[in-house]
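Here are some exercises to work through with the model open beside you. Try each task before reading its solution.

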Amino acid sequence: MSAYMTLLTPMTDEACLLAALADLGFDASKVEVHTTPANLVGFTGDRRTETANIVIRQRYVGPASNDIGFRPTPTGYQAIVSDFDHPRFGGAWLSQLNGRYCSHWAAKQERLAAEERRRLEEERARLVEAQRQAVHERAKKMGYRVQETREGETIRLVLVKRTY
Amino acid sequence: MRVNLARTLPRSAANGPGERFVVWVQGCPLACPGCWNADTWAFKRRDLRSVDELTANILATEGIEGVTFTGGEPFTQARALAEVARRVKVAGLSVFVFTGYELEELTSSGQRALLAEADVLVAGRYVEKERATGLAWRGSANQSVHFITDRYGPGDMIGIGEVEFHLARDGSLAVTGFPEAGLVAYDGDE
């Protein structure tokens, strides 16, 4: 069968991400927020090469676990979860987190004044553009050419394998 | 007659030749390990539409050359889909069907009725260890393409869209077609 998958909505708002983590049991007492990225630490206390701005230390993740991190990118926060922790904190957990994030994001938008909404709308437009460029870049790297069309507010990107 | 759907996509260029209305049915008894669409396996009520309604949805979509049935397993709802197919063919549209069954397994009268309306059938289980990319319309190398009518032929398998992204205004992405894993890695899975 041909695939149909909905990928996670990009998480761009730090406050909403922290609120979503709190909903899943990682409240402010268990989450570190760094202005400059901090190194993640493995279960043996080893310093990892990965860095993140939002960090859940391994003692809160589980015995023999590693730190979980979130680092900001142009297409939203990227989760860093070790292979060991994937069974508990992989796709299903990230989907749950993303669902909670979307709820907090919607609630936040309702509270905002017009000026702030305008700013968020601009931020959203930048995010869509970043997502669009990310698909183009990934496609190019993997040998596809991209045919782009717009249907209403949806951008459609069809990837065709290059044959040269 | 009604069809139990998982979802529809009014326009896609990665699910058969040309621009197509795509119908993912709900329910599949085969449950191939590694299937992209495990959410469509359960035989539970999801989006019930009458044959009249689904046909009208398809015919109201401008600029498509056909309809594609995928899933889920279309041949578990063969009679209703055969009727949809019959009606859209009268309007000049083509019919493309994905199935996890082999062609010779489609023996019931309902299944033969749907097969009789198909222009192209892509058949066979998804076999994870034979997963391959770059095969037009197929996810694993054991699957086969059958041109049931002469409307399409092997020439239509060249230079086609293999993967398609739909980027919504909130930045969310939906993916359809036959994506390589690297194209759709979740954050943190890369």
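**Before you start.** This is a predicted model, in which local features need pLDDT of at least 70 and side-chain atom pairs count only at pLDDT 80 or more, while totals for chains, interfaces and linings use all residues. Residues are numbered from 1 along each chain as its sequence is written, and chains are lettered from A and ligands numbered from 1 in the order in which they are written.

**Exercise 1. Find which residues of H3(B) are buried, and explain why they share a side.**

Solution. 
- Step 1: Count C-beta atoms, placed from the backbone: a residue with 20 or more others within 10 Å of its own is buried, one with 12 or fewer is exposed, and anything in between is partly exposed.
- Step 2: In H3 (residues 109–117) of chain B, the buried residues include Leu114(B), Leu115(B) and Glu117(B).
- Step 3: They lie on the same side of H3(B) because they cover an arc of only 160° around the axis, the arc being that of the directions from the helix axis to the C-beta atoms.
- Step 4: The face turned away from that side carries the exposed residues Ser109(B) and Arg112(B).
- Step 5: Helix H2 (78–90), strand S5 (94–98) and strand S6 (120–123) of chain B are among what covers the buried residues of H3(B).

**Exercise 2. Is Ser108(B) buried or exposed?**

Solution. 
- Step 1: Locate Ser108(B) in the loop between S5 and H3 of chain B.
- Step 2: Ser108(B) has 12 C-beta neighbours inside 10 Å, so it counts as exposed.
- Step 3: Thr76(B) is 32 residues from Ser108(B) in sequence, and their C-alpha atoms are 10 Å apart in space.

**Exercise 3. Describe the contact between chains A and B.**

Solution. 
- Step 1: Call two residues in contact if their C-beta atoms, placed from the backbone, lie within 7 Å. The contact then takes 35 residues from chain A and 42 residues from chain B.
- Step 2: On the side of chain A that touches chain B, S7(A) gives the most, with eight residues.
- Step 3: S1(A) and S9 (residues 173–177) of chain B run antiparallel, joined by four bridges.
- Step 4: Within that pair, Met5(A) has Val175(B) as its bridge partner.

**Exercise 4. How many helices and strands does chain B have?**

Solution. 
- Step 1: Chain B comes to three helices and nine strands.
- Step 2: From the N terminus on, they run β-β-β-α-β-α-β-α-β-β-β-β.
- Step 3: Buried residues make up 45% of the 190 residues in chain B.

Conventions. Helices (H or I, at least four residues) and strands (E, at least two) are DSSP runs, numbered from the N terminus. Two strands pair if DSSP finds at least two bridges between them.
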